[in-house]
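The sequence and structure are shown first, and the notes follow by topic.

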Amino acid sequence: VPASRIRNFSIIAHIDHGKSTLADRLLQVTGTVADREMKEQFLDTLDLERERGITIKLQAARMNYTAKDGQEYVLNLIDTPGHVDFSYEVSRSLAACEGALLVVDASQGVEAQTMANVYLALENDLEIIPVLNKIDLPGAEPDRVAEEIEQVIGLDCSEAILASAKEGIGVNEILEAIVAQVPPPADTTEEPLRALIFDSYYDPYRGVIVYFRVMDGNLKKGDRVKFMASGQEYDIDEIGVLSPVQIQVDQLHAGEVGYLAAAIKTVEHARVGDTITLANHPATKPLPGYVEAKPMVFCGMFPIDADQFEDLREALEKFKLNDAALNYEPETSSAMGFGFRCGFLGLLHMEIVQERLEREYNLNLIITAPSVVYQVTTNKDEVLLIDNPSELPPPMLREKIEEPYVRLDMMTPQEHIGALMELCETRRGDFKDMKYITQDRASLIYEIPLAEIVTDFFNQMKSRTKGYASMEYHIIGYRPNDLVKLDILVNEEPVDSLACIVHRDKAYQMGRGLVSKLKQLIPRQQFKIPVQAAIGSKVLSRENIPALRKNVLSKCYGGDISRKKKLLEKQKEGKKRMKAIGTVEVPQEAFMAILKLN
Ligand code: GTP
């Protein structure tokens, strides 16, 4: 296909505004996927994604479409993940396109995450086609939402397409608009090969499968390629297109989108954002924009049963083959024994990995509370990066602690502005700006420590705004603050995995909150257990978990054996996610208690 008849586009939409439904429709209408094999939401492959209803891994689909002008076009849809944790991947998949559909739910409006992605698209010079979806809903107000898009983004919406992905309304108009408005890729077939990787995943049989867009030159089966950032070279076993199932072809040229397999050992060798070139005839410069994904949030993962340590190591190794952003190192905790300190892009990334480790590898884990990376300057002028609160050097050895800050952008209906401001105040946010987007919706901007965002901020924001607010954030740098390590002592012993780093002004309140939460969460035992919060040797708060008075079995009045069994079973079950710290059984929830403080 000549470049003039290729269109590469992606879909930008807020979660639940209908991106997957629309993608399915486009595949159906173009006959790319026969109706009967149409699995619901074809583009989301991982089960977990489907269950949570979010898109994590991006993929692509090639469609053939005969337009009204009688010509046949190749339309490549490149999917983007729908969560802030993965915004780097979004930026790379947008960089692989010339246009984007901006899908907005006509019964809702523009959300913070949508905005962030629209800005990414504009930075990449994409043509944006507005689509007002869900016009079949009785509450749809396409005119109001069109006006909102114009005001917020400055995008002309006079020709916005009215659509219902669910009912199939507007789908042909969308296809025609893609052909007419999205510019064709530049024909740079004569130049040395440069292809942009926008996704990759590990296949145990064929090695890493790399999804890419050829920007310049062309690529054939059998070529020896070089990944410019990782420096790795491989011979291509297979190239093909995504239709959306993989179909082998002999070559791909500038403008086309496809996949390759080359027995690549790990996704680290072919990372998202890297440039593929020919080993014998390399391009002089890689494509712009490559960044190594850096973990932002860390937690400890400890097997409950020490025998599972090796299984956990193996599972993490396998995961790493498929997830270049995941980071892990062995960690030894005096309280928890052997485990791993793991780094993630964000909280959602962390939850997904945890869940899959437990589900796919049958591991029983205790996960410690998430922590950000602190920058500590010692009194010897060394700079340390601390991702584990228990490793914070004591006050006399340090000169300064700095923590990462983010710019937080929230969008909310006006009646919840007060509640959001209050939340941000309690989270040490610095108010920066507020703008009315429309008469009754506002955008609020704060600069706020990342640590405050990763401790349940999102859920708090949702619950305080009845689910109506949305947020987006990005890191803006490190700032010094008066931070201290808050130690938690259980049964007079400090528990390293419960330590956290907090602002001095909040230490007392948090210490008290944590201690009383732990008192509720740690089950009573045969003896009294003191729980304390302390900074250094100064105890801020103390509570006692009283001893158990009665044995559970004493309620059974002798006789009934099956009832006795049931009680014992129940006890055993409750124990599943417990870790013995000294002689005290501490449940998983206790390690996350800090997330539950208001
Ligand atoms: P993520 O994958 O989480 O990013 O969500 P999404 O944007 O892909 O949304 P999805 O396509 O999963 O749609 C969300 C919900 O809206 C689903 O329950 C769809 O059935 C519904 N939906 C999508 N399009 C329409 C539409 O045109 N009309 C109506 N009434 N419902 C729709």
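**Cysteines**

Cys 424 is buried, at a relative accessible area of 0% (buried means under 20% relative accessible area, exposed over 50%, and partly exposed in between, with a 1.4 Å probe and protein chains only). The model is predicted, so local features need pLDDT of at least 70 and side-chain atom pairs count only at pLDDT 80 or more, while totals for chains, interfaces and linings use all residues. Residues are numbered from 1 along each chain as its sequence is written, and side-chain values use heavy atoms, with hydrogens and water left out.

- Zero disulfides are found in a search of the whole structure, a disulfide being a pair of cysteine sulfur atoms within 2.5 Å.
- Cys 299 takes part in no disulfide, and the nearest cysteine sulfur, that of Cys 342, is 5.7 Å away.
- Cys 299 is buried, with a relative accessible area of 0%.

**Helix pair α1 and α6**

- Helix α1 (19–29) and helix α6 (residues 171–181) pack at an angle of about 85°, with their axes 10 Å apart.
- Helices (H or I, at least four residues) and strands (E, at least two) are DSSP runs, numbered from the N terminus.
- Axes are lines fitted to C-alpha atoms, for helices over the stretch in contact, and angles run from 0 to 180 degrees between N-to-C directions.
- α1 and α6 are therefore roughly perpendicular to each other (angles under 35 degrees count as roughly parallel, over 145 as roughly antiparallel, 65 to 115 as roughly perpendicular and the rest as oblique).
- Leu 22, Arg 25, Leu 26 and Val 29 of α1 meet Val 171, Asn 172, Ile 174 and Leu 175 of α6, where contact means heavy atoms within 4.5 Å.
- The contact of α1 with α6 comprises six nonpolar, one polar and one charged residues (Ala, Val, Leu, Ile, Met, Phe, Trp, Tyr, Cys and Pro count as nonpolar, Asp, Glu, Lys and Arg as charged, and the others, Gly among them, as polar).

**Helix pair α3 and α4**

- The axes of helix α3 (residues 87–95) and helix α4 (residues 112–123) cross at roughly 40° and come within 9 Å.
- This angle makes α3 oblique to α4.
- On the α3 side the contact is made by Ser 87, Val 90, Ser 91 and Leu 94, and on the α4 side by Asn 117, Leu 120 and Ala 121.

**Helix pair α7 and α8**

- Helix α7 (residues 309–322) and helix α8 (residues 347–360) have axes that come within 11 Å and cross at roughly 125°.
- α7 is accordingly oblique to α8.
- Leu 312, Ala 315, Leu 316 and Phe 319 of α7 contact Val 353, Arg 356 and Leu 357 of α8.
- The contact of α7 with α8 has six nonpolar residues, no polar residues and one charged residue.

**Positive phi in loops**

- Asp 16 is not a glycine, although its phi is positive, at about 80°.
- Asp 16 lies in the loop between β1 (6–13) and α1 (19–29) and is exposed, with a relative accessible area of 60%.
- Asn 491, also not a glycine, has a positive phi of about 55°.
- The loop between β27 (483–490) and β28 (493–494) holds Asn 491, which is partly exposed at a relative accessible area of 24%.

**Ser 463**

- Ser 463 is found in helix α11 (residues 457–464) and counts as exposed, at 53% relative accessibility.
- Ser 463 and Val 490 lie 27 residues apart in sequence and 32 Å apart in space, C-alpha to C-alpha.
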